[in-house]
Amino acid sequence: MSEIMRPLSFEDLIQWIQCEYTRSGSVFGIREDRFYKNTGGKRTSLLGTEISSPIGPAAGPHTQMAQNILAAYLAGGRFFELKTVQTMDGEELRKCVARPCINAADEGYNVEWSTELTVEQAFEEYVKAWFLLHLFGREFGLREGGEAADFIFNQSVGYSLEGIRSAKIDGYIQGMRDAGSTAVWKHCRDYLAANLGLFRRFDRADLEAVSPAIAPGITLSTLHGCPREEIEKIADYLLREKKLHTYIKCNPTLLGYHTARRILDSMDYGYVAFDDHHFREDLQFDDAADMLNRLRRTAGELGLTLGVKITNTFPVEIKAGELPGNEMYMSGRALFPLSITVAAQLSQTFGGKLPISYSGGADYFNLAEILSTGIRPVTMATTLLKPGGYARLNQLASLAEGVPQAEPGASIDMGKLRALADSAVTMERYRKDYRHIPAGVSLRTGLRKIGSPLPLFDCATAPCSDGCPIHQQIPAYLEKVALGDYHGAFDIIARDNTAPSITGTICDHRCQHTCTRLDYEDALEIRRAKRLAAEHAQDAYTARLAPPALKTGKSVGIVGAGPGGIAAAVYLRRNGVPVTVYERGADAYGVPRRVIPSFRISGDAIDRDLRMAEKLGIDFVFNADVDSEKLAGLRKKHAFLVLAVGTWKAGLSPVREGGEHIMDGLAFLEASKSSGLRLELGKTVGIIGGGDVAMDCARAAKRNRGVEKVTVVYRRTREFMPAQKEEIQMALAEGVEILELAAPETYRDGVLTCEVQALGGYDQTGRRGIMGTGKRVAVQFHTVVGAVGARADTSIFIKAGANVNDRGLVVLNDANETSVPNLYAAGDCKAGPATVVKAMADSKVIAGDILRKLGLERDFGRPVKPAVKPEGLYQKKGVVMETSTENTDGLRCLSCGVVCEICVDVCPNRANMAVTVGGFSQARQIVHLDRLCNECGNCALFCPHDGKPYRDKFTIFSDREDFDASGNYGTLPLPDGTHKLRLPDNAPDVTALLTHLGFLAYYKR
């Protein structure tokens, strides 16, 4: 395995394209129905060329290889900012680039800056791409015969005048201006001339029309700290000596340190770390304005364009291990407010007359507004690195087509641009907390990992179902809800979920945190769909229930009628096992009924779930306080015993002194609910903690009479709160305040004294630690509630003879069975407060183990696939679909368990391929193409599994050296038509796969 990319020959590219298109109607994974053709007739005039769309890929991974550029063109890109070339190239450069080099989990980061090919290879790739776009634009009917090219190549060079004037870069620039005399040009042209019979539409006239003037314009990229004098000399040279339309990349550092810091802080990107040294050393705004004025005069005299490219990526420190090294370059949605502000300030300075090529967080949600200001072109990278990949360009090009076109040479609308820049900092979608990352989820990888190894074959999976603790069949029931079939949806839900109404209301919906749609726009409204199904169909479902026939005489006793206890009872009784539930209280569903506030869940929802359990014939014994003596009796009475007793033991005191004056969070919520929100709390209430219980306490306190002010006291900052995003937002909307970076120490005489904290280093998940500053803050509260977590009381397990660990928690095996045979633990009593759905998950595992021991089949956990056809799913890929408030939101579902292929979508180099082949459980298999991969890591980042497709998928090698150096399983096609294979011992027969991949016989060095 190697990060070295080995470009394909022009002939091999054409063979590949034609064979793939004939077999599957796609080219490099871009399906024919996603090929873009401008149907409205509008054109954009740039650099003397009429192009059919003013958008395309920015200089970066999408413009490095010929196949990348063609994929972008087919999908809708028409302005191509080619990846930067410099004197350091090839192996010398590769040694300087850390791997992985891209992280686009949320805002984008990278540590690569120019092409990893040699300059000569880069030139050859761009010439090959130039011919491919002319050829297949015509061949696929994306432009008519006789039409001029409807796209622009814009070259990019750096980083010093000495380097740009070197023979290597000078030859490159000259070749891009006129490639007609170069060897690669002649080779491509001669091949096409000799093989015109291979094509349906592309003919000799089309070939003759291919101009050797590849790139009439150039973008200058300089390193941070490059002096103004050097930048001006280079731009002057490119204008006067090379006669090229010239754009100068400008950095967000033009804004100044304090402005950049203020903008990012105001949008909750406070964790993005940088100091002021780049701002001091980079080009200053006034100097830039003076320089651009001089260069514009020069360009005007020469009849050329002088503009700016806004913006270069923004250098920030690597703090959370997002990528290897010390510094990385930020892009994507966090860059948008900085870049658009730079654009507005420069445009204002030049009265709207300065041409701007824009790139900096452009995406579906702001493209139309950017274009409406008159800015042209707009290029993108980060959005194309996310699921959907190149195919996103199709929708973006169509969107751009609908924006009125400015006349050539028209000024930028400064009013619109200023308004866009002013509003950018308040746009909710571009704020960091718009995509809340729950506690415990790695900030390095985002949200979508499900913790499973990546299989060699049959890897498609639905991360929502896998991320759900009870593994509900989410795509299947979303589909039915979207079609209005609530009864069908509820039948699917009830297979795995024993409390649909409760979880449809208060579940922490981890499924939504793993939804692929997060990387498009918003997670599917999975919890709401479940609630809709329950509201419309649960009563009818319950009415049909009857106690199933008993299949065994061995009974199960369950202590605790909370969500975990009832779940175990339902799973078991449904499958023919007699069950009795013993509850110390007077009713069932303890925490949801007695603790969780009524404004979050109604008693009707709880009763609806209880009725479903009762109809199954489960025996309930209430007011049954099971002590050690009674427990011994239950163990004799029942063959199996499940303890699901919850966590009613108060949490540890959140303060060093005065803890006796602080109310326990669960006790407070229970008292608040039972009193009907009539507690005497005083005017000011402090809540210590940052989880969902703390938010419940705060919102409940706010509703108690006489309370005027409620403050949540949290030792970290809001971004690290473990509470659900919507719970925090609702608390804030109701007037709850948050005191951040405050660690409570004492509570005496109504005064809570806290040590002021400072955020420290990052842990393995990317969450920041805290450290005391020695400073103190004192806050007066009439009442303080400690919502820092209840504790598990394991005394009942100890009395039963079960082992506990050094933390005092019961020791369990994978089936949640204690060291005492047939004695199980479920829910919060295992290790402390968790969620309703996790308690149900514990019980599902326990029920499965008991049924196994009894030799009985189980009716839960059986997969249900949605009825949607793959063709319909492919049509959704790469398409932003905004959230629906109706039941139809499920129509956005991508059914990833049917069609995943995310690693194919997000690979810039097309190094991952999906093929249709028999002999496997799933119809489509992923193969990895070694020679096209540079190990950027993007496929590993977005794969829902924990593996890395570029290392873990079946790999096709192009030569023996790479095969021998790699540990990947895969094949090396040999000259005699045979294959050298490396496979695991349990691998399936790959004969059909190798036969199918025969069309890659030309895939060689």
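In the predicted model, G665, F668, L669 and S672 of helix α27 meet V693, D696, C697, A700 and A701 of helix α28, where contact means heavy atoms within 4.5 Å. These residues of the contact of α27 with α28 divide into six nonpolar, two polar and one charged; Ala, Val, Leu, Ile, Met, Phe, Trp, Tyr, Cys and Pro count as nonpolar, Asp, Glu, Lys and Arg as charged, and the others, Gly among them, as polar. Helix α27 spans residues 665-674 and helix α28 residues 692-703, and their axes come within 10 Å and cross at roughly 40°. The axes are lines fitted to C-alpha atoms, for helices over the stretch in contact, with angles that run from 0 to 180 degrees between N-to-C directions. The crossing of α27 and α28 is left-handed, a term used if the near helix is turned anticlockwise from the far one by less than a right angle, with right-handed used if clockwise. Helices (H or I, at least four residues) and strands (E, at least two) are DSSP runs, numbered from the N terminus.

Residues are numbered from 1 along each chain as its sequence is written, and side-chain values use heavy atoms, with hydrogens and water left out. Because the model is predicted, local features need pLDDT of at least 70 and side-chain atom pairs count only at pLDDT 80 or more, whereas totals for chains, interfaces and linings use all residues.

A right-handed crossing is formed by α1 and α4, whose axes come within 11 Å and cross at roughly 35°. F10, L13, I14 and I17 of α1 make this contact with K128, F131, L132, L135 and F136 of α4. Eight of the residues in the contact of α1 with α4 are nonpolar, none is polar and one is charged.

Aromatic pairs number 29, defined as rings of Phe, Tyr and Trp (its six-membered ring) with centres within 6.5 Å; planes under 30 degrees apart count as stacked, over 60 as edge-to-face and the rest as tilted. The ring centres of Y21 and F140 are 4.6 Å apart with planes at 45°, so this pair is tilted. Y21 belongs to helix α1 (residues 10-24) and F140 to the loop between α4 (119-139) and β9 (152-157), 119 residues apart. F140 is buried, at a relative accessible area of 12% (buried, under 20%; exposed, over 50%; partly exposed, in between; 1.4 Å probe, protein chains only). W130 and F153 form an edge-to-face pair, 5.1 Å centre to centre and with 70° between the planes. Since W130 lies in helix α4 and F153 in strand β9, the pair ties together parts that are 23 residues apart in sequence. W130 is buried at 5% relative accessibility, and F153 is buried at 0%. Together with Y73, F80 and F151, these two residues form one aromatic cluster.

Charged ends also sit over rings, with NZ of Lys or CZ of Arg within 6 Å of the ring centre and within 35 degrees of the ring normal. R392 is placed in this way over Y520, 4.8 Å from the ring centre, and R429 over F365, 3.7 Å from the ring centre.

E369, in helix α14 (residues 367-372), is partly exposed at 38% relative accessibility. Not counting residues up to four places away in sequence, E369 touches L420 and M427. P463 lies in helix α17 (residues 463-467) and is buried at 1% relative accessibility. With neighbours within four places in sequence left aside, P463 is in contact with R448, I450, T514, T516, C896 and P944.
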